[in-house]
There are 2 protein chains.
Amino acid sequence: MTDSVPGIDYRFENPHLLRQALTHKSHGPVHYERLEFLGDSILNMVVSTRVFELHPQAPEGDLSRMRARIVRGRTLSEIASGIGLGRQLNLGPGEKRSGGFRRSSILADALEAVLGAIYIDGGYEACRAVILSLCDPLIENLPSADNLKDAKTRLQEWLQGRGRPLPEYTLVREEGADHAKSFHVECRLRDGDEVVGANGASRRKAEQVAAGKLLARLSGQFTEGRHD
Amino acid sequence: MTDSVPGIDYRFENPHLLRQALTHKSHGPVHYERLEFLGDSILNMVVSTRVFELHPQAPEGDLSRMRARIVRGRTLSEIASGIGLGRQLNLGPGEKRSGGFRRSSILADALEAVLGAIYIDGGYEACRAVILSLCDPLIENLPSADNLKDAKTRLQEWLQGRGRPLPEYTLVREEGADHAKSFHVECRLRDGDEVVGANGASRRKAEQVAAGKLLARLSGQFTEGRHD
């Protein structure tokens, strides 16, 4: 039974723990969900302490957004893909056939489970060291605090900074069947005639896209001439 | 400057950290929000590891509900009240007049901030020891896994266990102004004529109350005769 994972600098005393961390529930009754629960909370804590240390002036909201960027499923599944974790997974036959080893949610969950298993096997400091070795390159290259904000927040702040009223979002249309809905939203400035429309798979997503388009148009007006 | 909090067995090397943890943003620019961010994540992690250890057979969903019961604002503010944390807080004049030292959200946040400050001042093990001394009595006396489930979940499981269809919730009425709405909801069993109504400050809360009433009525039918 293997006692380590390529790309993670840790050797298990108890390789059964590693096996459990790499086993999806489709494979059998001893699977990774409990370890994932544990690993998730440790990852969250270690990343929190790290962004806290590295950004001594950042307000809580910025710290939260930095942490969220690292611990979100997409980032974790990229880390997991990067070290080839999918090839190590034990999946049931159905999941195997349908390509579960590439499914990003399974990759992210299994990575958290491996972290939980390291905590049980080697303790807090060992687990912390592994988390930092995986996440520090990302933590050190986080986008600026402003760029971590979502488009609606950035648009709102841009307008408030200029003493202008908040934008108005209107749901114009909902199309498609329940499982494949498309929402069309308009974002309008109350003090001008600017209006942009956008589509998204949810109302929230469509609003974000609309806000981003409007912000690009507005800030474009101010940076014109700065492009080559 | 004081270097400890009554009821918390820890003495600060750097009492400025403790002072910051006890200072609400209404009091000045150096306040507890960053420390609260940190303390929240450490508390979450320590409680996660603890329920994981104490309940080796519990599935992930039960562990999540146990943790949620401990780290929720209401539990934390009760702990904070219990040690008289409100008397230590530095609040702005407005918050002081309006009784902010009794406000449960401020008490819970300040407690998390004190935990974050202990982590910075004394390290992980010191912080873990304090968290366990505060939370272990509660963790050891958690309600059963079933009783931690919300009423809608319990009603659903009760019905599923008897092969009966899921209940139907209908919003019957919304009353009152925006800031003081009351929702009236009915919960109906599709295979019988059982129906109960309930009110709540949100649709979700009203549904929970209705589910609880219906479940009490249903399970009462089966336990009749067991009451004295």
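This is a short walk through a predicted model with chains A and B.

Let's start with the symmetry. Chain B superposes on chain A by a rotation of 180°, with 0.0 Å of shift along the axis. The RMSD of that superposition is 0.1 Å. That is the relation of a two-fold axis. In chain B, the C-alpha nearest to this axis belongs to M45(B), at 3.2 Å. What about the contact surface? The same surface serves both copies, with 100% of the contact residues of chain B recurring in chain A.

Now the annotations on chain A. The UniProt record, an unreviewed entry, places "domain: RNase III" on residues 8–123 of chain A. In the model, that span is 65% helix and 0% strand. Its end C-alpha atoms lie 15 Å apart.

UniProt, again as an unreviewed entry, lists E36(A), D109(A) and E112(A) under "binding site". How are they arranged in space? They span 77 residues in sequence, but no two of their C-alpha atoms are more than 6.0 Å apart, so they gather at one spot.

Take two of them in turn. E36(A) sits in helix α2 of chain A, residues 33–54. Is E36(A) buried or exposed? With the cut-off for buried at under 20%, E36(A) counts as buried, at 17% relative accessibility. Setting aside neighbours within four places in sequence, E36(A) is in contact with D109(A), E112(A) and A113(A).

E112(A) comes from helix α6 of chain A, residues 104–122. E112(A) is also buried, with a relative accessible area of 5%. Which residues does E112(A) touch, beyond those up to four places away in sequence? They are L35(A), E36(A), G39(A), D40(A), L43(A) and L76(A).

H31(A) is in the loop between α1 (15–21) and α2. A polar atom of the H31(A) side chain lies 3.3 Å from the backbone nitrogen of E33(A). Not counting residues up to four places away, H31(A) touches Q20(A), T23(A), H24(A) and K25(A).

Over to chain B for another loop. R103(B) lies between α5 (93–97) and α6 (104–122). At 39% relative accessibility, R103(B) counts as partly exposed. What does its side chain pair with? A polar contact of 2.9 Å joins R103(B) to the side chain of E95(B). R69(B) is 34 residues from R103(B) in sequence, and their C-alpha atoms are 19 Å apart.

Next, helix α9, beginning with chain A. The helix runs over residues 151–160, and its buried residues are A151(A), L155(A), W158(A) and L159(A). Why do they end up on the same side of α9(A)? They cover an arc of only 95° around the axis, and that puts them there. At the N-terminal end of α9(A), D150(A) is the cap. A side-chain oxygen of D150(A) lies 3.1 Å from the backbone nitrogen of K152(A).

Now α9 in chain B. L155(B) lies in this helix, residues 151–160. L155(B) is buried, with a relative accessible area of 0%. Leaving aside neighbours within four places, L155(B) is in contact with P167(B), Y169(B), C187(B), A211(B), L214(B), L215(B) and L218(B). P167(B) is 12 residues away along the chain, with 8.3 Å between the C-alpha atoms.

Last, the strands of chain B. β1(B), residues 168–175, and β2(B), residues 182–188, pair in the antiparallel sense over 7 bridges. Their hairpin has 6 residues between the strands, and G176(B) there takes a positive phi near 90°. β2(B) and β3(B) are antiparallel too, over 6 bridges. They also form a hairpin with 6 residues between them.

One residue links the picture: E186(B). It is the bridge partner of T170(B), and in β3(B) its own partner is G197(B).

How do the side chains of β3(B), residues 195–200, point? They alternate. V196(B), A198(B) and G200(B) point to one face and are buried.

Key. Residues are numbered from 1 along each chain as its sequence is written. Chains are lettered from A and ligands numbered from 1 in the order in which they are written. This is a predicted model: local features need pLDDT of at least 70, side-chain atom pairs count only at pLDDT 80 or more; totals for chains, interfaces and linings use all residues. Side-chain values use heavy atoms; hydrogens and water are left out. Copies are superposed by least squares on the C-alpha atoms of residues with pLDDT of at least 70 in both. Contact means heavy atoms within 4.5 Å. Buried means under 20% relative accessible area, exposed over 50%, partly exposed in between (1.4 Å probe, protein chains only). Helices (H or I, at least four residues) and strands (E, at least two) are DSSP runs, numbered from the N terminus. The arc is that of the directions from the helix axis to the C-beta atoms. A polar contact is a pair of N or O atoms within 3.5 Å; within protein, one must be able to donate a hydrogen and the other to accept it, and residues adjacent in sequence count only if both atoms are side-chain atoms. UniProt positions are given in the numbering used here, feature names are shortened, and annotations may be inferred rather than shown by experiment. Two strands pair if DSSP finds at least two bridges between them.
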